[in-house]
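User: Hey, I'm new to this one. Can you walk me through a few things in it?
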Amino acid sequence: MNSPGGLITAGRFARFYTPLAATSLLLTATNPILAAALARSVDPVTALAGYSVAFAVCGVLYAPLFVMQQVAAARLLGEASFSPVKRFAYLTGAVMSLAGALIAHTGVAGEIVFASVVGVGPEVLNEAVRAMQFLWPVPFLTAVRAAHQGRLVAGHRTFPIAAATGGRTGVLAVVSFALLATGGGAWVGAAAFTGGLIVETLVVMWSRTPDLQLEREDCEADRENVARFSAPLMVNVLLWWATPLIINAVLARTADPDPALAAFGVVEAMAWFIAAPVGQLQHASIALVECSETHRRVRGWGATVAFSMMAVLLVLSVPAIREPVLGYVFALDADLVALAGAALPIAAAYPLLYAIRQYYQGLFVRSGRTGVVGAGAVLRVAGLVAAALVVQNTGLSGAVLGVGLAVFGLTIEGAFLVRYSQREVMPELRASRAAAVNPEAFEGVA
């Protein structure tokens, strides 16, 4: 453990976190790039709505695999073996991709998921199914990528992660706009997304961590613990990626569903792109927070990033700025600009709420309390669904309804995590701080 005099400096935090923030920024650039490309399709509303729905379903399938990044990093930092994590990730990813293939290539499964569960019409259904035919390999690719990203985080080699994501975004941009020559459609976004992900996965697989010991003697015991440690985190991420699907299902049942779905997809793409730099605060709290003092410092630097991104979104929400941005970048007509623009000021809360969620989840993962992370996600989705039932007859609709539900759910989850951390995590961090200041006071304590 670092001594108080050797605690994390702003420079060390910046060196560790800047590549991760760039990774999130490049990663979420995917959504506005694809939205800008699909908005230039022959039928932009149907293409945007179809891709939004297909990607939401695919997100539910590959969401559990995101946690392998946290699991791999936490286990390696805890001196456990990497191979059980890798095998578990690969197997789970293969199962999820198989489920995606069934939805894509089995007419009955596709109709049940998109028409019956989500509730889209025939035109959007056809676009969504065609997009899913390109998206089904994504869960397995995500599993491979996440496991090796976690290995790199544990080895404090964050630059290869950013480089890989940069390559992915570049490939995605080139492919998506090149395929517009075919007339466009939701499948263009899906093909570009999968192609970019293949590139990113290969780069992180080939990146090495020479100073990190990957295998330990307790490999057998470690294998038994991976699933138990991972399960609550999988529930958390599954519910995170189920959130857009739930909101899409709510919007699909409003009076004018297709424009509402399209506008909500554009706002989500734009807002989450701006909020992206705070997304890696989870890894900062896992890898850098060792006591109450490092907690104070890392949390403070994270708050600076969050408020900066919030300010950017508030500036973009000004009508004189948002209207030309939405009209030019996303090629939206006046009606869609109005629907999306009304929701942007509400979406300005995303960076702060997302930062709280990510940072405190990292604290619980580092302390081994993954059940709290899963409980917070369940509480968020339950609150969101309850709110949707309350407002369904109020006349509120469009992107404002979707973004408002998302903000409400994030607020509930963040309050729960902060409150619970005061009881469960902070006493341990204060004890670690005391031990660092006065080591002899802890002599003989196991």
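This is a predicted model: local features need pLDDT of at least 70, side-chain atom pairs count only at pLDDT 80 or more; totals for chains, interfaces and linings use all residues.

User: Rings, then. How many aromatic pairs are there?
Analyst: The count comes to 15 aromatic pairs. Take Tyr62 and Phe66: their ring centres are 5.2 Å apart and the planes sit at 75°, so that pair is edge-to-face.

User: Where are Tyr62 and Phe66 in the fold, and how far along from each other?
Analyst: They're in helix H3 (residues 44–77), four residues apart, so about one helical turn separates them.

User: Are Tyr62 and Phe66 buried or exposed?
Analyst: Both are buried. They also belong to a cluster linked by ring pairs, together with Tyr51, Phe55 and Phe193.

User: Switching topic: which residues make the nonpolar surface patch of about 380 Å²?
Analyst: That patch is made by Ile198, Leu202, Met205 and Trp206. Met205 is in helix H9 (residues 186–206).

User: What about charges over rings? Which ring does the charged end of Arg357 sit over?
Analyst: The ring of Trp240, at 4.0 Å from its centre. Arg423 has its charged end over the ring of Tyr420, 5.0 Å from the centre.

User: Last one: how many residues does helix H13 have?
Analyst: Helix H13 (residues 292–316) has 25 residues and reaches 36 Å from first C-alpha to last, close to the 36 Å expected. Its buried residues include His295, Val298, Gly302 and Met309.

Notes:
Residues are numbered from 1 along each chain as its sequence is written. Side-chain values use heavy atoms; hydrogens and water are left out. Patches are made of residues with over 30% relative accessible area and no salt bridge: like charges are joined within 9 Å, nonpolar side chains (Val, Leu, Ile, Met, Phe, Trp, Tyr) within 5 Å. Accessible areas come from the Shrake-Rupley method with a 1.4 Å probe; for residues, only the protein chains shown count as cover. A salt bridge is a side-chain nitrogen of Lys or Arg within 4 Å of a carboxyl oxygen of Asp or Glu. Helices (H or I, at least four residues) and strands (E, at least two) are DSSP runs, numbered from the N terminus. The expected span of a helix is 1.5 Å times one less than its number of residues. Buried means under 20% relative accessible area, exposed over 50%, partly exposed in between (1.4 Å probe, protein chains only). Rings of Phe, Tyr and Trp (its six-membered ring) pair if their centres lie within 6.5 Å; planes under 30 degrees apart count as stacked, over 60 as edge-to-face and the rest as tilted. A charge sits over a ring if NZ of Lys or CZ of Arg is within 6 Å of the ring centre and within 35 degrees of the ring normal.
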